[in-house]
Amino acid sequence: MAGYHQNLDQQQAPAFFARGPSPLARLAFFSALSLTLMATDSRLQYLGTAREHLMVVLQPLQFIANAPSMLYDSTNEYFSTHHRLLNENQYLRKQALVQAISLQKMKTLTLENTNLRQLLAANQSLEEYSQLGEILHVGRDPFTKKIVVNRGSNHQVVDGAAVVDAKGIIGQVTRTYPASSEVTLITDKSLTIPIQIERNGLRAIAFGHGRDNTLDLPFLPANVDIKPGDKLVTSGIDGVYPKGLAVATVTDIQTSADSPFARIVCVPTGGIENHKQVLIVSISQPDSVANTSAASQRANNNDIAAKTTKPEASQALAGAAKTPTNKVPANAPVTNTPTAPAVQAAATSAPATSAEATQHKQPVVATEPSTSHKPHAQD
Amino acid sequence: MHKTKLQTIYLSLLVAFVCVLLPWSGSALKLRPDFVLLVIIFWILRAPNKCNIGTAWFIGLWVDLATGGVFGQYALAYTITTFVAVIYQRRLVLFSNTQQLVYVLLLLLISQVTLLTVKIFSGNDVLGWTYFLPSLTGVILWQAAVALGLNTSRPSRK
């Protein structure tokens, strides 16, 4: 009995006094703290750098966690059979041959293209800059579709770079850390991608569905010209994704009487959850990415317009194409000469604006002699 | 009386955290139990004066960092869960093994529901019933640990 009491004292006394604030007080305090953190992180941008620094601390732990699977992969590779390696070698040789042929065609085509573009005094299409990354792990949040790759800001990966595999686009870099970066997959609900139907050139925007690895094409009318089996490729008008990369294939179209829009389901072409290696493609070098947004504001300047991405350039030049028609009657002899090249460039930059631009161009050229003579005659 | 060292608690939490960091994918990711929360619940039952709501909040922040979501989601979920755990901790002495399992399942579900609520508020989709599978696998893991000889009651109360 005495022993029991002693035991009770030993356990009860510390339990009562070592507890500090009551659980309710702690709950209130830490809940408030978490809510504040959530609000700060989602609405304000203060915690980005803190996250990056903490991620560096996490790096060794991450390495330890990845070690077993990496060890397994490497031993597996080491003990891979002779037969399998031979098969793979043969397949790769064949593929290399096929690709070498198309690459040769590509070289002549690129040359021809640059020559034609020079002849037309058009903007050079943008250089792409790519590097190979390896998937470290799949995102741990069940609500989002993300992967983490082993290339980060140390390797000049920038936010917004496109991520592709051998078959097509798989996502976009949304957060960069020093040695890794987070890629949001195109099936994520928050990611949209401007696409074009390969068959008829119809432009639309594809939204990730979020749940079952599909994409949606919302807000298209029920009678839209899309069939199951149509291929979606990137349209390249966003300045993020290079033009013409495969994105998805249309699998199902549903129209219902109560909705003016069709429900279009597409399955991504790229192996969203299959591969280990991915290619990170920045459409331009990291330092010129920042220029594009500023450039659109000073659109009339020809030097800067040449650097911008296509949609901005065409907007800028469409704007430039309008100015001469207004200015011609007022002060024709002075302003006509510098704006004429801009109109020419506008005519060649985008097919949509070219017709409009040439319409503007005709009267400018035609009126030039007459209007330039009149002021002289008056003088 | 056996005393739990603080290092043991933190070491076990670290191990659980590394388990979270393992490269899970596919269906394994859907079934992955919340290792960190299980370890926290274990220590709250066993050494409530060493591991409490503050510890849970702190480790929740690290889980937030690892998942790459908004800071504070897991921290909030763990805070609320551990609060319930602490409130009922003293009654647990009277619980049988089955009752304890139900209790742990409820705690894991509370954490998941809190997380779901936060996520829905920030504009995420409602996931299917498979979202709650980690709670089930968590309980199975708990039972496996008990079967392997892990003592989940407070050592001094024996």
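**Exercise 1. Work out why helix α3(A) lies largely in the open.**

Start with the count: three of the 32 residues of α3(A) are buried, so the helix lies largely in the open. Here, buried means that 20 or more other C-beta atoms, placed from the backbone, lie within 10 Å of the residue's own. Helices are DSSP runs of H or I with at least four residues, numbered from the N terminus. This is a predicted model: local features need pLDDT of at least 70, side-chain atom pairs count only at pLDDT 80 or more, and totals for chains, interfaces and linings use all residues. Residues are numbered from 1 along each chain as its sequence is written, while chains are lettered from A and ligands numbered from 1 in the order in which they are written.

Next, name the buried residues: A:M55, A:Q62 and A:A65. Finally, look for their cover, which includes α1 (6–21) and α4 (53–67) of chain B.

**Exercise 2. Find where α3(A) bends.**

Go along the helix to A:A67, where α3(A) bends by about 40°. That is the angle between axes fitted to the seven residues ending there and the seven starting there. Then check what follows: the proline A:P68 comes within four residues.

**Exercise 3. Describe the side of chain B that touches chain A.**

First, count the residues in the contact (C-beta atoms within 7 Å, placed from the backbone): 38 from chain B and 40 from chain A. Then find the suppliers: α1, α4 and α5 (73–87) of chain B each give at least two residues to this side. The most come from α5(B), with eight.

Key: A residue is buried if 20 or more other C-beta atoms lie within 10 Å of its own, exposed if 12 or fewer, and partly exposed in between; C-beta atoms are placed from the backbone. Two residues are in contact if their C-beta atoms, placed from the backbone, lie within 7 Å. Ala, Val, Leu, Ile, Met, Phe, Trp, Tyr, Cys and Pro count as nonpolar, Asp, Glu, Lys and Arg as charged, and the others, Gly among them, as polar.
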